Amino acid sequence: MENEDWRKGVALNGLLSTEREEYIQEARRIVNRAIETQTDEGKFNYDDPKPWMYGEDPYRAQCEPATLGHGVLEFYDRTGEDRYLEAARRQYEYLRDDAQRTEDGGIAYSTGPVGLWVDSVYMICPFFARYADLTGDEEAYDEAVTHIESQVRHLQDPHTGLFRHEWRETPNTYPESSLWARGNGWALAGILDTLLLMPDDHDGYETVAGVFHGLAEALLERQEGNGYWHHILDYRESSLETSATLQYSYAFARGSKVGLLDDEYAEAAERAFEVCKNVVDKDGKVRRVAVPPGGPDAPLGVTSYGNGWFLMAADQQR
């Protein structure tokens, strides 16, 4: 399994979705390691602390480590052990107080040039919302809403309703502007998971719900008859891609179960999951997953996050 924290975070969420004891114990091992190697700044980690986390490389991520936050808070919820909540508090306060931001308050993806990547919606917003839910710190809900609104302002294409991959504040440019399928999956699943943790009387709830519904509608229109979505959503010559298809299956099915989406989304989720079952090899590896950095030319392979999304989508089909 790859060691990058965001990949571990998605794999971890997949393990937790199974509720099988051996997988829960593996998830706890990952979480414990993330805490053991947490940096002085408060960023979760996985292997030995990396030099870039101490500022020696100015172009590395701020948001990626928080992908592990869902698992950390899950084990606080399960065990009541304060060490999990304390670790989550440190990660949250790093993002709240120390991370670089855009002028309108979005949390910049990296410690280099200020800008947004759509990936970060999934990486930080559900973590903020769950932290708020468990601690009563309502400011964390506000932080999640601010970040989503910034993403909408800078990355959502007004013509299609879909999200672009990357925006940079100065100069105002799109270093990678494709309507990338997994990028839209990060947004769709991240917004849904955030929404389900927010009180429906929060000032930002209707805004976030509106973004979710609009994106879901835009994506439903682009599903192929075989159940897949293309790697670049507005380019049908691009590959049919599994990880995004699983993200949409997860979000459509879960959104339908809780009454946020109509039955047609549940049907689309089932079609998507069924076609993805056909690309799991005899060793349990999910194939046809676009590997990083995820732009138009990304090759297809197998990854831990592909398997993580398969498990999360499968859980919603039960």
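Contact, as I use it in these entries, means heavy atoms within 4.5 Å.

**Setting up.** I am working from a predicted model, where local features need pLDDT of at least 70, side-chain atom pairs count only at pLDDT 80 or more, and totals for chains, interfaces and linings use all residues. Residues are numbered from 1 along each chain as its sequence is written, and side-chain values use heavy atoms, with hydrogens and water left out.

I began with L188 and set aside residues up to four places away in sequence. L188 touches F212, L215, A216, L219, Y248, A251 and F252. Buried here is under 20% relative accessible area, exposed is over 50%, and partly exposed lies in between (1.4 Å probe, protein chains only). This core has 101 residues, and I124, L188, L219, F252 and W309 touch the most other members.

**Helix 5.** Helices (H or I, at least four residues) and strands (E, at least two) are DSSP runs, numbered from the N terminus. Helix 5 covers residues 120-135 and reaches 22 Å from its first C-alpha to its last, close to the expected 22 Å; the expected span is 1.5 Å times one less than the number of residues. I found 13 of its 16 residues buried, so helix 5 is largely enclosed by the rest of the structure. G136 follows helix 5 with a positive phi near 80°.

**Helix 1 against helix 3.** I took axes as lines fitted to C-alpha atoms, for helices over the stretch in contact, with angles from 0 to 180 degrees between N-to-C directions. The axes of helix 1 (residues 5-18) and helix 3 (residues 69-79) come within 9 Å and cross at roughly 35°. Helix 1 brings L12, N13 and L16 to the contact, and helix 3 brings H70, G71, E74, F75 and R78.

At 36% relative accessibility, R78 counts as partly exposed. Beyond its neighbours within four places in sequence, R78 is in contact with L16, E19 and I24. Elsewhere in helix 3, the buried residues include G69, V72, L73 and Y76. Their cover includes helix 1, helix 2 (21-36), helix 4 and helix 5. Just after helix 3, G80 takes a positive phi of about 75°.

**The sheet.** I count two strands as paired if DSSP finds at least two bridges between them. Three strands form an open sheet in the order 1-2-3, with antiparallel pairing. Strand 1 and strand 3 are the edges, each pairing on one side only. Three bridges join strand 1 to strand 2, while strand 2 (residues 166-168) and strand 3 (residues 173-176) pair over two. R168 is the bridge partner of G115 and also stands opposite T173 in strand 3. A hairpin of four residues joins strand 2 to strand 3. Helix 6 (residues 139-155) lies across strand 1, strand 2 and strand 3, at about 95° to strand 1.

**Two loop residues.** T102 sits in the loop between helix 4 (82-98) and strand 1 (115-117). T102 counts as buried at 5% relative accessibility. E224, in the loop between helix 8 (205-220) and strand 4 (229-230), is also buried, with a relative accessible area of 17%. Leaving out residues up to four places away in sequence, T102 touches V114, L116, S150, W167 and E169, and E224 touches H230, R236 and L240.

Note on methods
Core = buried A, V, L, I, M, F, W, Y, C linked by side-chain atoms within 4.5 Å.
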